[in-house]
Amino acid sequence: MKPIQVGLLGIGTVGSGTFEVLNRNQEEIQRRAGRGIEVTMVADLDVARAKSIVGANVQVVGDARKVIANPDIDIVVELIGGYGIAKQLVLEAIEAGKHVVTANKALLAVHGTEIFAAAHKKGVMVAFEAAVAGGIPIIKALREGLTANRIQWLAGIINGTTNFILSEMRDKGLAFNDVLKQAQALGYAEADPTFDIEGVDAAHKVTLMSAIAFGVPVQFDKAYVEGITKLEAQDIKYAEQLGYRIKLLGISKRTTAGIELRVHPCLVPAKRLIANVEGAMNAVMVHADAVGTTLYYGKGAGSEPTASAVIADLVDITRLHTADPLNRVPHLAFQPDAMSNLPILPMAEVVTSYYLRMRVADQAGVLAKVTGILANADISIDAVLQREAGEGESHTDLIILTHDCVEAKMNQAMAEMQQLSTVLAPITRIRKEELN
Ligand code: HSE
């Protein structure tokens, strides 16, 4: 059978990895897919550079629409990124009847509903394994491997840049800004690193995982997003003393009232495997009723790890593209007419536990007042740590770990504690998840 023909839109880090791995492993890939998979056309603004990567046998053009217009191309791989021209090109490719593979988490998290609806109408596939956690086959696991289960929650380290920063801050006691520069130099960060450090990249990814896990539409605009820019080295140290590590987690949980969808720094017990995921590595924990807890670990970025995910999608499409569209695996795991309308919960309704650090006057009755406010709010304390005041200091740090409570109650209690004349600085709050 004639090979399936692939057109790449963009041949940067992931595109060149895809080209390289497809060529290197073509014999094995063909044995798996049932026919060859060949990149026959590439569009890139830098035509000369693209030609130097793919050689003379692949047609290189500067205009992506030429790839979409080519009737011989079966699958378009979008590796441009962003919501602008990439969105236009993906919709045009779908309209032209092409299957689409994309690594573009931002595009799908924000415009997924429109894109999947267009693909459904046209009977083509849009595959996006590479959009979440790079080389880890987490989309496949959630959508297919765990299909027997009622998934209850998932929690992941899904941004390598921030995990690298947090690991370096903990290991070397470095300040946030110094490590960020290092992460940029190592090429982990997004083109706009604020997407990494403000939690936006992780929120794009957890939005996609949540949709697949619970059968709800992609709703990035309802996600709670908090990054790591305000984290202080002292909190990492105090957390350590209490037996926890701080990680930037993307969390989504099903509750009876709705779905929690959130990204924020989080204390995780140091003994959990996920707490020991270091550097730029990614990991996702999934808890489901039949299988229990599973953990997926690997490289969340990089040329060949991400290419591994892109090619897995190419093989899937090659196997399935002659199947009746109604019998293919649904884009978001659940049949489009069987999606749930369970709402995404506002952060005030999320239930979690907390780490609080407050700078307090070192005098009698301070602890009683603070714990009194928590008791009145029905918030139960799990542990307390008080730093010994330094010589000549009249203040100290009080660290409190709480049990679970609804966020609205904690907001109220924090506002009251902040009013105390003996609380000398803004209270630091970091959420905590036991993940058991
Ligand atoms: N900037 C991302 C990260 C790359 O740091 O994980 C992969 O999406």
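**Ligand surroundings and helix packing in the predicted model**

In this predicted model, the ligand is surrounded by Lys-105, Asn-159, Gly-160, Thr-161, Tyr-188, Glu-190, Asp-196, Asp-201, Lys-205, Gly-300 and Ala-301, a residue being counted if one of its heavy atoms lies within 4 Å of the ligand. Residues are numbered from 1 along each chain as its sequence is written, and side-chain values use heavy atoms, with hydrogens and water left out. Local features were required to have pLDDT of at least 70 and side-chain atom pairs pLDDT 80 or more, whereas totals for chains, interfaces and linings use all residues.

A polar side-chain atom of Lys-105 lies 2.6 Å from an oxygen atom of the ligand, and an N or O atom in the side chain of Thr-161 is 2.6 Å from a ligand oxygen atom. Gly-160 contributes a polar backbone atom, which is 2.7 Å from an oxygen atom of the ligand.

Lys-105, Asp-201 and Lys-205, listed around the ligand, also take part in the contact between helices α6 and α11. Helices here are DSSP runs (H or I, at least four residues) numbered from the N terminus. The axes of α6 (residues 105-122) and α11 (residues 200-214), fitted to C-alpha atoms over the stretch in contact, come within 9 Å and cross at roughly 55°, on the scale of 0 to 180 degrees between N-to-C directions. That angle makes α6 oblique to α11, oblique being what remains once angles under 35 degrees (roughly parallel), over 145 (roughly antiparallel) and 65 to 115 (roughly perpendicular) are set aside. The crossing is left-handed, meaning that the near helix is turned anticlockwise from the far one by less than a right angle, clockwise being right-handed. In α6, Lys-105, Ala-106, Leu-108, Ala-109 and Val-110 meet Asp-201, His-204, Lys-205, Thr-207 and Leu-208 of α11, with contact defined as heavy atoms within 4.5 Å.

Helix α2 (residues 26-33) packs against α13 (residues 303-320) at an angle of about 40°, with the axes 9 Å apart, and the crossing is right-handed. Ile-29, Arg-32 and Ala-33 of α2 form this contact with Ile-311, Val-315, Thr-318 and Arg-319 of α13.

Helices α14 (residues 366-376) and α15 (residues 407-419) have axes that come within 9 Å and cross at roughly 155°, which makes α14 roughly antiparallel to α15. Their crossing is right-handed, and Val-370, Ile-373 and Leu-374 of α14 meet Met-410, Ala-413, Glu-416 and Met-417 of α15.

Conventions:
Helices (H or I, at least four residues) and strands (E, at least two) are DSSP runs, numbered from the N terminus. A polar contact is a pair of N or O atoms within 3.5 Å; within protein, one must be able to donate a hydrogen and the other to accept it, and residues adjacent in sequence count only if both atoms are side-chain atoms.
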